[in-house]
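Look at the structure below with the sequence beside it. The paragraphs after it go through the parts in turn.

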Amino acid sequence: MISVKNLTKYYGDYPAVRDISFEVSKGQVVGFLGPNGAGKSTTMRILAGFSTATSGQATVDGKDVFWNPIEARRRIGYMPESCPLYTEMRVEEYLRFRGGLKGLNRSTTRKRIDFVLERCWLKDQRRQLIGTLSKGYRQRVGLADSLLADPPVLILDEPTAGLDPTQIRETRKLIRELGNQHTILLSTHILSEVEMACDSVIMINQGKVAMEGTLESIRHMGGNRSLEDIFVQITGVVD
Ligand SMILES: Nc1ncnc2c1ncn2[C@@H]1O[C@H](COP(=O)(O)OP(=O)(O)OP(=O)(O)O)[C@@H](O)[C@H]1O
């Protein structure tokens, strides 16, 4: 469903992503795991069509991200790390606006808004100004937006960052449920999140894929140690 081949991205002279390749199969929830600055957001932004690559290939549902960007983007719901929401709009108004941008007709937009407001626990906030929402609620609006057009692929960049423990738990549960209908690539540096929400893991470090596989196979490759121990060894982060 997502295929990345030899993807490289330089910012000036700095290689943020270095020749990475990976595949995400249909229906999988995959954790994109790595320390700060590993290149997760950069890769996700490229996949979502918000940034160019220096070289390499990427397809989403068979559509080339660089050569067929409109078709590729139609298949992706992207939630960036900090959602660029319009603070002067009300939640429902914003989602209606986004539905229009995504090419949904009015009746589909209406139905989908009701669905995503319910799914993302936003029914009581539908008429609230986005600027008056707390960070956690803004994250929910970002998630609702990514689900709006019912895309087959969700690319979620640290969806639980900044949430309180209850919201984190609810969001992980939601992601798990969404995994029944969507292929999901989810970035995080929270290891327990991967263990709770994901089928498999792609670990990246310094712009390169360091290890990938199911949680079981990663633990096996790492000598049956915990995911945390393996992560610390790979990333060289010391307690
Ligand atoms: N627009 C930019 N210009 C220059 N360097 C950038 C830019 N965006 C990211 N970088 C650099 O590229 C590297 C990878 O950044 P990226 O945001 O992809 O990492 P990340 O894995 O998402 O990190 P985090 O977990 O902290 O969000 C970092 O060293 C970062 O400083």
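Predicted model: local features only at pLDDT ≥ 70, side-chain atom pairs only at ≥ 80, totals over all residues.

Residues are numbered from 1 along each chain as its sequence is written. Helices (H or I, at least four residues) and strands (E, at least two) are DSSP runs, numbered from the N terminus.

Begin with the ligand. Which residues surround the ligand? They are Tyr-11, Tyr-14, Ala-16, Gly-34, Asn-36, Gly-37, Ala-38, Gly-39, Lys-40, Ser-41, Thr-42 and His-189; a residue is near a molecule if its C-beta atom, placed from the backbone, lies within 6 Å of it. By class, this shell has 4 nonpolar, 7 polar and 1 charged residues. Here Ala, Val, Leu, Ile, Met, Phe, Trp, Tyr, Cys and Pro count as nonpolar, Asp, Glu, Lys and Arg as charged, and the others, Gly among them, as polar. Strand E2 (14-24) and helix H1 (40-47) each supply at least two residues of the shell, and the largest share, 3 residues, comes from H1.

Helix H1 also has a buried side. A residue is buried if 20 or more other C-beta atoms lie within 10 Å of its own, exposed if 12 or fewer, and partly exposed in between, with C-beta atoms placed from the backbone. In H1 the buried residues are Lys-40, Thr-43, Met-44, Ile-46 and Leu-47. They lie on the same side of H1 because they cover an arc of only 160° around the axis; the arc is that of the directions from the helix axis to the C-beta atoms. After H1 comes Gly-49, with a positive phi near 85°.

Helix H6 can be read in a similar way. It runs over residues 165-178, and its 14 residues should span 20 Å at 1.5 Å a residue, which agrees with the 20 Å between its end C-alpha atoms; the expected span is 1.5 Å times one less than the number of residues. Buried in H6 are Thr-171, Arg-172, Ile-175 and Leu-178. Their arc around the axis is only 125°, so they are on the same side of H6. An α-helix has 3.6 residues a turn, so residues three or four places apart point the same way. On the face turned away from the buried side are the exposed residues Pro-165, Thr-166, Lys-173 and Glu-177. The cover over the buried residues of H6 includes strands E3 (29-33), E7 (153-157) and E8 (183-188), and helix H7 (191-197).

Of its 61 residues, Val-30, Leu-47, Ala-144, Ile-155, Ile-184 and Leu-186 touch the most other members. Helix H5 (residues 135-147) gives the most to this core, with 5 residues. In soluble globular proteins, nonpolar side chains tend to be buried together.

Asp-19, in strand E2, has phi near 55°. Gln-206, in the loop between strand E9 (200-205) and strand E10 (208-214), has phi near 50°.

Methods: Contact = placed C-beta atoms within 7 Å. Core = buried A, V, L, I, M, F, W, Y, C linked by C-beta atoms within 7 Å.
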